[in-house]
Amino acid sequence: MVRCVTFNVKGLNSNAKRRLLLLELKSLKADIVYLQETHFDADSSFRFLSHMYPTAYSATHSRRRAGVAILVSVQCPLRIESSILDPQGRYIVLRGHLADKPITLCNVFAPNTSQIRFLGGVLLKAFSECRGSPTPLVLLGGDFNVIFSESIDYLSPQGRAARAIQHRHAREFRKLVRKYALYDLWRIIYPTDRSFSFYSALHASHSRIDYFFGTISTLRLLEGANMGPITWSDHAPVSVDINSNSGHVRQCHWRLNESLLKQPVLRDELRDHLKSYFDINVGSVDDVRSLWEAHKAVMRGHCIAIGSQLKQDSIALVKSLTSHLRALEAKLANCPSRGTLL
């Protein structure tokens, strides 16, 4: 299974925000990441390379605005063969193979105006890469800056004129999506859910404008989808799980969690456990090498148990805070107030 995540990050030129994003992607277990609004300078090298995501494609604007990127994790069975990078930093089209399947990846950050014209041009380029394939595998994602359904993807106190504009744009967007036989992957999993991926404080409006669309071949491989809470960005991360059928098994190698040794209480507990082991077992075997090798397994098991408990406590705390955040988001959508927003 390959997990794809799209996320509008609203600028990544600070180390703090890049660290926040890495932590978020690690918690999401993301394999392929679509980023929008990176705001990187076109003259500088892409500054997000890490050991987790050694492969990265970036399209940037000369004036540090817009900017999109696609990151590929070290564990992902994806091979890229060709790429189209927009010099305005609005889209990326990649052509390659996911395991043994030909695939086209397209990441977009649509402008605030003329969205349909822009998306039509990008889709034309993306599908030209699939020419000759009767059932192309296409995964289109990003920030589209337009809603798909005005009835369940938008909530705003604005007047009738503003809603009429949204209605027209949504109708044109649906027409374009149907023209290319694309499916809203998140909506397939949650057909009636009224969740929003973006909150505009300026207009006090909620909308779902971050999507993953796929062809029928992509839909057949869909295993799940999710929308996270809005935290440090003003957009929520949206993810879809695609069955790659690669047979690839992630290799796990145990390493000592050195942070355990930085906590005095845990360090003392490990020291006492080690002393107790040797007090009990010295003299129980003839070969001291067996005693030494066995102590490694005993201490490793104890470290794993401590680390597992700490991880469970951390996950429980994150779940509790996330649940509280979602409740506040729902309260803000149903009954807007400045107190809830703050």
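1. Phe-213 is buried, with a relative accessible area of 0%; buried here denotes under 20% relative accessible area, exposed over 50% and partly exposed in between, with a 1.4 Å probe and protein chains only. The model is predicted: local features need pLDDT of at least 70 and side-chain atom pairs count only at pLDDT 80 or more, while totals for chains, interfaces and linings use all residues. Residues are numbered from 1 along each chain as its sequence is written, and side-chain values use heavy atoms, with hydrogens and water left out.

2. The whole structure contains 15 aromatic pairs. Rings of Phe, Tyr and Trp (its six-membered ring) pair if their centres lie within 6.5 Å; planes under 30 degrees apart count as stacked, over 60 as edge-to-face and the rest as tilted.

3. One of these pairs joins Phe-144 and Phe-173, which are tilted at 40° between the planes and 5.7 Å centre to centre. Phe-144 belongs to the loop between strand S8 (138–143) and strand S9 (154–155) and Phe-173 to helix H3 (residues 160–179), so this contact ties together parts 29 residues apart in sequence. Helices (H or I, at least four residues) and strands (E, at least two) are DSSP runs, numbered from the N terminus. Both Phe-144 and Phe-173 are buried.

4. Phe-173 also pairs with Phe-213, edge-to-face, with 5.7 Å centre to centre and 85° between the planes. Phe-173 lies in helix H3 and Phe-213 in strand S13 (residues 210–214), so the pair ties together parts that are 40 residues apart in sequence. The relative accessible area of Phe-173 is 2%.

5. Phe-144, Phe-173 and Phe-213 belong to one aromatic cluster that also includes Phe-148 and Tyr-211.
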